[in-house]
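Open the structure in your viewer and follow the stops below in order. Each stop says what to select and what is there.

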Amino acid sequence: MITFESLSFRYPSADRDAIDGLSFEAAPGVTLLVGPEGAGTSTVLLVAAGLAPAETGGQASGQVRVLDHDPTTNAGRRELAGRIGYLQPSPWTQLSGMTFSAVDEVSFAAANLGWERQRILDAAQRALTSVDAKHLADRHPSSLSGGELQRVMLAAALATDPEVLLLDNPTSELDSVGTRRFLDVLASLPDSVTVLIASTDVDRAADAADRVILMDGGTVVAQGDASILASEDAFARDCLTTPALIGARSGALHPFPLTLTELVERVPSR
Amino acid sequence: MILGYESGSGFLYRAHPFTVLTLVLATLVTVFALPALVGPLGVLVGIVLLAFIGGVSKVLPTASVLAAPFWFFLVVIHVILGDAPTRALVVGLQVSSMIVAFLIFLVVTHPGRLVDAMLARRLPAGAAYLLASALQTVPRLRARAAAIRDAQLVRGLRVQGVGGRVQGLLALGMPLVLGALHEVDERSLALASRGVQTGLHPTPLHPPSDSSLDRLARLLLYVFIVAAVAVRFLT
């Protein structure tokens, strides 16, 4: 469970808040954060991961609780170590550069937590298998393609069996098959895991989301189920699903068709 | 130019990273401690021979390129403008020896192997990761520079002739620096999110074996260092 209450955050030297009085709750399941550029979705993940302001610098006010701990404090981060999996949009910059193989890269976080060696290797193999990347285990990380590496890094985020997964544009390097597999991985996670995804790929991410939160200017504009992605709020912020966008441009009345089936049914034939 | 780890099979590759590190330390100390001119010359000959025997002679062309500017200025300052050719020779030999030793260390030491070696000795994880990051800096910058240069060539940059090359260098500088700074930010976030700063001692996944030969080599190198320092103070 993740709770934000009147949270504001400003990066160093910025002239406005990246998050401005944000309040929402992400229960176990998949919550999708969407919004136009600069909406603050990635920053929400950084704060929840305990990386902002600790690593980024800046000022935070308000409250954030992750699994009943405050990730903006040292004590909170210590308690949450290994219980949060965080994935950045670019898999390349997440490589430790200190490993010999993909399985070592997946093991990195567990090794840093001081787990016993065999437990680490078992967890890494399990995580690689869960993202259908077991065959990549012995490959050198730098020899992997973008899609392969993104799957390996997802496995790395899963390796410590986190209770919270924070995924920032996790399908940016994946093709449609890879994205499908990724959604299958999300679906296979235990119900107790809280997943927060910031994504610009609303079409695909919407399929996996139990809840959608639409953000703009660092605050929540609307929240609810996936139908938000076919709302006028989403239309105004260019966050519609493709069927909804086609429907909107074809003159369909609000609410716009969310899925392809609805689109076919509702758009008048010409 | 070879400025980072490259896989190989010589005995220096198989040596424990601390043994290679001790070799660098021994070079640094003895090249200054042993009497000129024989001392620095002997150290340079020794380290070059070691590079050949250890299967890393590929570092020597790079070492020559890196040492050339030093030799040039030493000759200008001490031989052409001054009157101390021996001094130029001694300093040149000292600098060349250090360059060869550092390059051997860079080429044979995989950052991960060094980290595992340090973690296995219960040394602080922060220091291990910092050292490993430093070893990766030049190869990463070179890869980034190559990518930026390719992108700029595609966008019409011409690098023929001296003027074109200088222009290309200027066009490379800003994106290289800004890109590197951005990458440092992202990488520090990635490492922090993967438990690097939890304060727990990491588990080394592949701690390198520290053979009795390694321990003997280090002992001899320490003896060599102490002897060289003793010679320095006793003569």
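Contact here means heavy atoms within 4.5 Å. This is a predicted model, in which local features need pLDDT of at least 70, side-chain atom pairs count only at pLDDT 80 or more, and totals for chains, interfaces and linings use all residues. Residues are numbered from 1 along each chain as its sequence is written, chains are lettered from A and ligands numbered from 1 in the order in which they are written, and side-chain values use heavy atoms, without hydrogens and water.

Select Val195(A). Leaving aside residues up to four places away in sequence, Val195(A) touches Gly29(A), Val30(A), Thr31(A), Leu165(A), Leu167(A), Leu186(A) and Leu189(A).

Next, select Phe9(A) and Tyr11(A). Their rings form an edge-to-face aromatic pair, 4.9 Å centre to centre with 85 degrees between the planes. Rings of Phe, Tyr and Trp (its six-membered ring) pair if their centres lie within 6.5 Å; planes under 30 degrees apart are stacked, over 60 edge-to-face, the rest tilted. Phe9(A) is buried, at 0% relative accessibility, while Tyr11(A) is partly exposed, at 26%. Buried means under 20% relative accessible area, exposed over 50%, and partly exposed in between (1.4 Å probe, protein chains only).

Then go to Phe108(A) and Tyr129(B). Their ring centres are 5.8 Å apart and their planes at 55 degrees, so this pair is tilted. Phe108(A) is buried at 6% relative accessibility, and Tyr129(B) is buried at 7%. Over all chains, the structure holds six aromatic pairs.
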